[in-house]
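Student: Pick one part of this model and take me through it closely. I'd like to see how that part sits in the rest of the chain, with the cut-offs spelled out as you go.

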Amino acid sequence: MTDKEKEHLKFLGKKIAQKRRSKKLSQLDVCALIDMEKSNLSAIENGRQNVTALTLLKIGNAIGVEIKEFYDFSTH
């Protein structure tokens, strides 16, 4: 994985975490809703794991945001 790709995953993970926290949800709350291990969500939010499109959809649905909001990197 290139440095640029790693940076992309970190920004994406940061946005997911920001959106989750803005809805006042813990990682455990989201994991319970989408049947995911907390360690996996943590890895995604910290940019250590490449998230699939389906998982992004599930996370977005669980926290009540559209996937496109995760890709608004203009505020980083």
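Tutor: Let's go with helix H4, residues 53-63, where Thr 55, Leu 56, Ile 59, Gly 60, Ala 62 and Ile 63 are buried. Look down the axis of H4 and those buried residues fall within an arc of 165°, so they line one face of the helix. The arc is built from the directions from the helix axis to the C-beta atoms. "Buried" here is under 20% relative accessible area, "exposed" is over 50%, and partly exposed is whatever lies in between (1.4 Å probe, protein chains only). Helices are DSSP runs of H or I with at least four residues, strands are runs of E with at least two, and both are numbered from the N terminus.

Some ground rules before we go on. This is a predicted model, so local features need pLDDT of at least 70 and side-chain atom pairs count only at pLDDT 80 or more, while totals for chains, interfaces and linings use all residues. Residues are numbered from 1 along each chain as its sequence is written, and side-chain values use heavy atoms, with hydrogens and water left out.

Back to the helix. As a reminder of the geometry, an α-helix has 3.6 residues a turn, so residues three or four places apart point the same way. On the face of H4 turned away from its buried side you'll find the exposed residues Ala 53, Leu 54 and Asn 61. The buried residues, for their part, pack against helix H1 (3-22), helix H2 (27-34) and helix H3 (38-45), where contact means heavy atoms within 4.5 Å. You can check this from the H3 end too: its buried residues are Leu 41, Ser 42, Ala 43, Ile 44 and Glu 45, and they pack against H1, H2 and H4.

Now follow the chain out of H4. Next comes Gly 64, with a positive phi near 80°. H3 is likewise followed by a glycine, Gly 47, whose positive phi is near 75°.

Further along, in the segment after H4, sits Phe 70. It is buried, with a relative accessible area of 0%. Leaving aside residues up to four places away in sequence, Phe 70 touches Leu 56, Ile 59, Gly 60 and Ile 63, among others, and its partners also include Leu 12, Lys 15, Ile 16 and Lys 19.

What about the loops? Most residues other than glycine have a negative phi. Lys 24, not a glycine, has a positive phi of about 60°; it lies in the loop between H1 and H2 and counts as exposed at 75% relative accessibility. Asp 35, in the loop between H2 and H3, also has a positive phi, near 55°, and is exposed at 74% relative accessible area.

Zooming out, the protein has four helices and zero strands, running α-α-α-α from the N terminus. Of its 76 residues, 38% count as buried. Among contacts between residues at least 6 apart in sequence, 61% join residues at least 24 apart. Its C-alpha atoms fill a box of roughly 30 × 25 × 20 Å along the principal axes.
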